[in-house]
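Please look over the chain below. Then read the short report that goes with it.

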Amino acid sequence: TTGIPVNDGLSDKLNAIFSLVAGTELVCVITLEGVLKSSISRTDCEVTHSSDTIYTIASLKSALERFLKIFQLSGCPIIHISGDYYTFSFYIINAQYLLVFSHQIDSGSGIVADFSALDDAMVPFLDDLKNTIALST
């Protein structure tokens with residue numbers, strides 16, 4: 001894997017997503033303002049501190065929050081955006097950080113991904129990640 005690990009504890013946690021979520025290729029933690037804290041990739045796609053990808057991810061989260069306000073809804077701690085071949089999953093870690101990862105999907109199966117199962121599996125991971133980030137800041 002490649003990436004920008006901040007410390008061994010955080011990079012170890014991010015590496016765990018590769019086995020937790022099949023087909024994962026890129027994992028990163030960013031601030032809600034779009035500053036990269038850490039990233040790990042299993043492909044040539046590497047996110048950097050100056051990457052437009054980071055800004056786009058943070059902007060997408062902000063746009064969703066504005067969209068929810070139209071319907072007088074508040075907060076959206078989990079977002080999944082699926083295309084034909086990839087899903088991008090966004091999880092709010094705490095008031096400051098966002099976990100983002102991309103994973104391949106089986107587009108030929110015609111089966112819709114079960115995001116509720118993924119979200120349930122992520123709960124203990126996110127709790128552990130919150131603790132790791134709290135210790136590293």
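## Ground rules

This is a predicted model: local features need pLDDT of at least 70, side-chain atom pairs count only at pLDDT 80 or more, and totals for chains, interfaces and linings use all residues. Numbering starts from 1 along each chain as its sequence is written, and side-chain values use heavy atoms, with hydrogens and water left out.

## The whole chain

The protein chain has 3 helices and 6 strands. Along the sequence, their pattern is β-α-β-β-α-β-β-β-α. Both kinds of element are DSSP runs, numbered from the N terminus: helices are H or I with at least four residues, strands are E with at least two.

The chain has 137 residues, and 36% of them count as buried. Buried means under 20% relative accessible area, exposed over 50%, and partly exposed in between (1.4 Å probe, protein chains only). Contact means heavy atoms within 4.5 Å. Among contacts with a separation of 6 or more, 56% join residues 24 or more positions apart.

## The second largest pocket

Rolling a probe the size of a water molecule over the atoms shows where empty space is left. A pocket is an open set of points on a 1 Å grid over the protein atoms alone, where a 1.4 Å probe fits, with protein on both sides within 12 Å along at least five of seven lines; lining residues have an atom within 4 Å of a point.

The second largest pocket is lined by 16 residues. Leu26, Thr53, Ile57, Phe88 and Ser102 lie nearest its centre. Strand 2 (24–31), helix 2 (52–70), strand 5 (86–92) and strand 6 (97–104) each give two or more residues to this lining. Helix 2 gives the most, with 4 residues.

## Threonine 24

Threonine 24 lies in strand 2. Is threonine 24 buried or exposed? Threonine 24 counts as buried because its relative accessibility is 5%. Its side chain reaches the backbone oxygen of valine 21 at 2.7 Å. Beyond neighbours within four places in sequence, threonine 24 is in contact with residues including Phe18, Arg42 and Ser102.

## Cysteine 76

Cysteine 76 sits in the loop between helix 2 and strand 4 (78–82). Cysteine 76 counts as buried because its relative accessibility is 18%.

Which residues does cysteine 76 touch, not counting those up to four places away in sequence? They are Lys61, Leu64, Glu65, Leu68 and Ile92. Lysine 61 is 15 residues from cysteine 76 along the chain, and their C-alpha atoms are separated by 8.9 Å.

Conventions
Polar contact = N/O pair within 3.5 Å; in protein donor to acceptor, adjacent residues only side chain to side chain.
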